[in-house]
Amino acid sequence: MKQSFGQLQDGTAVSRYCLTNEQGVTVSLLDLGAVIHGILVPDRAGQLADITLGFANAQDYAESTTYFGAVIGRHANRIKDGAFELAGQPYQLAKNNGANHLHGGLMGFDKRLWTVGTVTADSIEFSLISADGDQGYPGTLSVSVRYHLDNNNQLSIEYRATTDRDTLVNLTQHSYFNLSGQLDSTVLDHQVQIFADRYTPVDASLIPTGVIASVAGSALDLTQATLLGDVIDQPNEQLRLAGGYDHNYVLNSAGDLTQPAAIVRHPASGRVLTLYTDLPGMQFYSGNFLAERTVGKQGIAYPQRGGLCLETQLFPDAPNQPNFPSSILRTGDTWHSTTLLRFSIDD
Ligand code: GLA
């Protein structure tokens, strides 16, 4: 189903599409940013509620730096000083986060109008072309993202990208979840479990130090289901630097799409989200920068920590960290990755 979602300041029309399944689950998407605008899932009592943060109109998406629900590209998270070398050649990317490049730059994929391809009742494909030199990146990049909702309440997100010159690619999805469905509340009453024994610590500008550290014995250890409110304000240097969780976890699943990467539970409503990915990393971000009480859908003001993000990815600053998996995409190769979000109920 296609609806108008208003227009951008320059008159560009934005559309909203809805996928539904036999369980009554609805996922709505925008061609702006290939955004997940809302996900309606039932609680224990069968009550449907929207569990993602978002804006009421297109212009708010265009102006915001929250990345609500968007597909992020070309490169998720930060690249130090926006600089990297590829085949001995230096490149300078747009700097949009202090001295650093964040989430694809000033006009990242979250701000682009995507072309809508095949649409069915339960799936939609978006694509875009990122021109050679876009935000400083080499090569013309062709990107597609396909969302598919099945009748077991699983949403799959499948990314593909090809290039005509060697370049960098690291695509992710930046949805903020609040499984309570009460989007004016924080996620501190959520239990988070991340199947990762290691993570990549950051410096004060949230750039990885390059170390791959063990989570053991620290507040970063979420290998057991952990109530966020119990741990997020622990005296821990990494939590202090980020104002909460904003860290790349090195997933134990290590590319195995059949092993869960993370499980988030909201005990009060019974809603559960299980995430799977074939990528090696996942940024767990606890909405620390939502401090300005951003006003979203239904006029709701989102508090700090009002949503949490599980951004499947290659590691931040990969092009400058020789010991991290490479984010280089070679000409002739296809960047292909799948993330699965499975919604269920705890009794
Ligand atoms: C990411 C980053 C955060 C922050 C948010 C957007 O997840 O890791 O530091 O920039 O995006 O606000």
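1. In the hairpin of β1 and β2, with five residues between the strands, Gly-11 has a positive phi near 95 degrees. Strands here are DSSP runs of E with at least two residues, numbered from the N terminus, and two of them pair if DSSP finds at least two bridges between them.

2. Before going on: this is a predicted model, where local features need pLDDT of at least 70 and side-chain atom pairs count only at pLDDT 80 or more, while totals for chains, interfaces and linings use all residues. Residues are numbered from 1 along each chain as its sequence is written, and side-chain values use heavy atoms, with hydrogens and water left out.

3. β1 (residues 2-7) and β2 (residues 13-20) are antiparallel and share four bridges, with Lys-2 facing Tyr-17 of β2 as its bridge partner. Tyr-17 also stands opposite Leu-29 in β3. The β2 and β3 pairing is antiparallel too, over five bridges. These two strands make a hairpin with five residues between them, and Gly-24 in its turn has a positive phi of about 85 degrees.

4. Then there's the open sheet: nine strands, antiparallel, in the order β11-β12-β13-β14-β27-β23-β22-β17-β20. Its edge strands, each pairing on one side only, are β11 (115-119) and β20 (226-227). β11 meets β12 (residues 123-130) in the antiparallel sense over three bridges, and Val-116 sits opposite Phe-126 in β12.

5. On to the pockets. A pocket is an open set of points on a 1 Å grid over the protein atoms alone, where a 1.4 Å probe fits, with protein on both sides within 12 Å along at least five of seven lines; lining residues have an atom within 4 Å of a point. The largest pocket has a volume of about 430 Å³, volume being the space filled by probe spheres set on the points, which are joined across faces, edges and corners. Its lining counts 21 residues, with Thr-65, Thr-66, Tyr-67, Tyr-285 and Phe-289 nearest the centre. By class, the lining of the largest pocket has seven nonpolar, 10 polar and four charged residues; Ala, Val, Leu, Ile, Met, Phe, Trp, Tyr, Cys and Pro count as nonpolar, Asp, Glu, Lys and Arg as charged, and the others, Gly among them, as polar.

6. The second largest pocket holds about 150 Å³ of space. Of its 13 lining residues, Arg-16, Leu-40, Asp-50, Lys-297 and Gln-298 are closest to the centre. β3 (26-30) and β4 (36-42) are the elements giving two or more residues to this lining, and β4 has the largest share, four residues.
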